[in-house]
Amino acid sequence: MLFSKVFRMVILGAPASGKGTISKRIVDRFGFVHISPGDMLRLHVLHGSDLGKKAKKYMDEGKLVPDEIVMKCVLGRITEVGNKSWMLDGFPRTLVQAERLSASEPLHAVINLDVPHDVIIERVKGRWIHLSSGRVYNVGFNDPKVPGKDDVTGEDLVQRADDKPDVVAERLNVYEKMLRPVLNYYQKQELITNFKGSTTAEIWPQVEKFLLAKRMKAVAESIQG
Ligand code: ADP
């Protein structure tokens, strides 16, 4: 069942915090439209649109795409989605983006996944990838049937160079630094809820409970008129 009125939310979480899995569960359970500027930008690049041409050089260098371009992309998509509940994933990443989003679309909730850095570093260490298909395995979580081999093709699995512990630690530091002003902004507005845990199994029930309570409240308000 959908929310009885439009519900607008943002999900924040460090790389490899489990944000992808939690986002998918929210979408499946609550029927929100998933808005991912990263995915949208990649499509623009693929189709060679004007916006894609402008964004490409930043993305190729792993840099943030300028706020103007990303805002255009996100606000355009929100208008397209219209009168449906949505969840933004991978946005905002700067204070300017957060401020401009709030000016145009007041939010109902910001969900922040708070997973300790050492847990993320351990998790990424156990990640093995089948290069040609992109299939991902995690030691002790979803192991391949044969250690070091892809389940489908039997080919070798590899570890990504940027999954090395020191590289991951650095990525997490960069993320923290970049997102601090955004987190402070939402904290000041009392919009943010932190969900602490080491695994998706720990975090998901808390997120689900939180959104069920929000939905009950929305239904009650709509009945009261
Ligand atoms: P990643 O987690 O690797 O950054 P994303 O899919 O979220 O993956 O984003 C891919 C790229 O798209 C980023 O490296 C960046 O260049 C651009 N991008 C995505 N979201 C934003 C944003 N909110 N602001 C600026 N650039 C963004």
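# Ligand shell and fold, a working chat

Guide: In this predicted model, helix α2 (residues 37-47) supplies the largest share of the shell around the ligand, three residues.

Visitor: Which residues surround the ligand?

Guide: The ligand is surrounded by Gly38, Leu41, Arg42, Met59, Lys63, Leu64, Val65, Val70, Gly90, Phe91, Arg93 and Gln97.

Visitor: How do the residues of that shell divide into nonpolar, polar and charged?

Guide: Six are nonpolar, three polar and three charged.

Visitor: OK, polar atoms next. What lies 2.9 Å from an oxygen atom of the ligand?

Guide: That is a polar side-chain atom of arginine 42. Lysine 63 also comes up, but through its backbone: an N or O atom there lies 2.6 Å from a ligand oxygen.

Visitor: And which residue has a polar backbone atom 3.1 Å from a nitrogen atom of the ligand?

Guide: Glycine 90.

Visitor: How much of the ligand's accessible area does the protein cover?

Guide: On its own the ligand has 540 Å² of accessible area, and the protein covers 73% of that.

Visitor: Change of topic. Where does serine 85 lie?

Guide: Serine 85 is in the loop between α4 (67-81) and β3 (86-89).

Visitor: Buried or exposed? And why does serine 85 count that way?

Guide: Serine 85 counts as buried because its relative accessibility is 9%, and the cut-off for buried is under 20%.

Visitor: What lies 2.9 Å from a polar atom of the serine 85 side chain?

Guide: The backbone nitrogen of phenylalanine 7.

Visitor: Back to α4, then. Where is isoleucine 78 found, and is that residue buried or exposed?

Guide: Isoleucine 78 sits in helix α4. With a relative accessibility of 5%, isoleucine 78 counts as buried.

Visitor: What is isoleucine 78 in contact with, leaving aside neighbours within four places in sequence?

Guide: Ile35, Trp86, Leu101 and Glu105.

Visitor: How far apart are isoleucine 78 and lysine 149?

Guide: In sequence, 71 residues; in space, 42 Å from C-alpha to C-alpha.

Visitor: Now valine 182. Which helix is the place of that residue?

Guide: Helix α7, residues 165-188. Valine 182 has a relative accessible area of 0%, so this residue is buried.

Visitor: And what does valine 182 touch, not counting residues up to four places away in sequence?

Guide: Leu12, Pro92, Arg93, Thr94, Leu95 and Ala98. One of these, Arg93, also belongs to the residues that surround the ligand.

Visitor: How far apart are valine 182 and valine 96?

Guide: They are separated by 86 residues in sequence, while their C-alpha atoms are 8.7 Å apart in space.

Visitor: Let's do the whole protein. How many helices and strands?

Guide: Eight helices and seven strands. The radius of gyration is 19 Å, close to the 17 Å that the globule rule gives for 225 residues, so the protein is as compact as a globular protein of that length.

Visitor: What does the C-alpha trace span along its principal axes?

Guide: About 60 × 40 × 30 Å.

Visitor: What part of the residues count as buried?

Guide: 40% of the 225 residues.

Visitor: What share of the contacts with a separation of 6 or more comes from residues 24 or more positions apart?

Guide: Such pairs account for 72% of those contacts in the protein.

Visitor: Last one. What does the accessible surface of the protein come to?

Guide: About 12600 Å², with 56% of that belonging to carbon and sulfur atoms.

Notes
Residues numbered from 1 in each chain as written. Predicted model: local features only at pLDDT ≥ 70, side-chain atom pairs only at ≥ 80, totals over all residues. Heavy atoms only, no water. Near = heavy atom within 4 Å. Polar contact = N/O pair within 3.5 Å; in protein donor to acceptor, adjacent residues only side chain to side chain. Areas by Shrake-Rupley, 256 points an atom, 1.4 Å probe, with all protein chains shown as cover. Helix = DSSP H or I, 4+ residues; strand = E, 2+ residues; numbered from the N terminus. Nonpolar A, V, L, I, M, F, W, Y, C, P; charged D, E, K, R; others polar. Buried < 20%, exposed > 50% of the residue type's maximum accessible area, 1.4 Å probe, protein only. Rg over C-alpha atoms; globule rule 2.2 N^0.38 Å. Contact = heavy atoms within 4.5 Å.
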